[in-house]
Structures are given as structure tokens and as C-alpha cells.
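Please walk through this structure with the text below, keeping the sequence at hand.

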Amino acid sequence: MNEPGKLQGTKLLDLFGYLLEQRVIISMHVVGAGFERLTCVNGIKEEPGGNWLLIDLPDGFKEAVPKTEPLTLRFNFNGPDHLEYLFMTQGGQIGGHDLKIPFPDCVERIQRRKNFRMETPIGAKMFLKIEKTKAVLGLVNISLGGTLGALLKPNHRVLHGSLLALEQKIFNAGIFVPADGEIAEQLIIIQKSEVRRIEHDMERNIYRYAFEFMDIEPKEKKKLTQSIYHFQRQFLKRR
């Protein structure tokens, strides 16, 4: 019997079939190794002893996984109802470009909508101005709900401490999306955002900032949505 919020049994085949057919991007985290990458389902194998998922093997996986401990993986993705789904697996084996893992006992459906983040292409930037200070951040990833970027260039030579503070409001920031063979360059204006997290790489003295988008006009949100869909297409082409 399926518990509320959990999918089990034959419903797992339907769900994973959706991931395979729609080429849904999923996030994979190696528990205990600090390794997290985006990937996708390449296939489903039904065998007498149990069903298996074939996961596209991300770059760097072999080097990151523990060599002696059992492999424990955590996955999350947006389902057909646009809610977040989570599951964990143990064990598995590498074969060619795939990671073969057993079906989980269940998949948990989280009753909240999640803005799935996408890696951004080289050259994607965020421009902002605070009083007399102009700054440029190189973007790491982005979603409809926010972005993560590393500070590249404030307009003064020496930065003592963080340029931004937690919960600081940023107005009229610009997200620059570079052109490629499919889309023209874009400048997306975020009317209001807020600093939600600050990371400091002390070795390189680099600050990274996570922003939540608080207010964005409909036409700008449409441009952002189109850009994220484009990032997804480009990501899948590389798999």
C-alpha cells in the first residue's frame, strides 16, 4: 500500500519512465563524499531479482566515490506535478557511461514546489550597484527563485571583508546571459533580490553570494524562464 506522500511498487515504474521519456534533469548527491552533480536517467532494466535504474555517469564520479564503503546516493528532481521528489539508494555498479543502481523502496513526494537550479554557461554574470559601488559576479547556477555567484570585480581595488551582508536587499540587478548558436544575448532585470547566503573561500579570498529573487516583472521572468530551459537543453546535449 502506498503511504500518503510516498510512491511505491508499480508507481515507481511510471515515475521513472517519466524521467526517462522526458529527459528530466535530476540532482545526485553521494552521501559522505560531498559530491553533487546534475544528471539524468538513461534507462530502466526490469530483472527477476529486482528493477534497476541506469543513471548517466557524471564527470568526476569515479574519483569522488568512497572505495571501501557501500555506495549511498540521494536524488531529487521535479516531478510531473512540479513538486519535489526525493529518494535514496544503496549499492550499484559502473558500466560504461552508466551507473546501475537498484530501484529504491519508495520515492517521497514533498508537498512544496521547488525551483530547480541549473548550472550556468561560461560568461553568465550578474551586475549590481550598491550606492557608489558597482560589482560583477560570475554566476554558478540559477533558478526561477534565485542565483549563486562569485564576486569578480568591485569598483575598488582592495576589498576588506564581504561586500554584501546577509539579508541585504539588492535593487535592479542585471542577469547577463551570453549568446550562443541558439539564442541571442539577454539582459534580465531583477527588480528586487536579497542575499540569503555568503560563502568565503579564504585560500583565494573569493566571496560567493546566494540571492533570492523577491520581485521580477512578468516580461523579465519570461526571459529568465526561457534562458533556464535553454540551459537544460544544452546540459542534456552534453550528456
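This is a predicted model: local features need pLDDT of at least 70, side-chain atom pairs count only at pLDDT 80 or more; totals for chains, interfaces and linings use all residues.

R23 sits in the loop that links α1 (10-22) with β2 (26-30). Its phi is near 55 degrees, a positive value in a residue that is not glycine.

N205 is found in the loop between β16 (186-201) and β17 (206-215). With 47% relative accessibility, N205 is partly exposed.

Strand β2 runs antiparallel to β6, and four bridges join the two. Within this pairing, M28 has F75 of β6 as its bridge partner. Six of the seven residues of β6 (residues 72-78) are buried, so this strand is largely enclosed by the rest of the structure.

Strand β6 is also joined to β7 (residues 83-90), by seven bridges and again in an antiparallel arrangement. Here F75 stands opposite F87 of β7. The two strands β6 and β7 make a hairpin with four residues between them, and H82 in the turn has a positive phi of about 65 degrees.

The cysteines come last. A disulfide is a covalent bond between the sulfur atoms of two cysteines. A search of the whole structure finds zero disulfides. C40 is buried, at a relative accessible area of 0%, whereas C106 is partly exposed, at 22%.

Notes. Residues are numbered from 1 along each chain as its sequence is written. Side-chain values use heavy atoms; hydrogens and water are left out. A disulfide is a pair of cysteine sulfur atoms within 2.5 Å. Buried means under 20% relative accessible area, exposed over 50%, partly exposed in between (1.4 Å probe, protein chains only). Two strands pair if DSSP finds at least two bridges between them.
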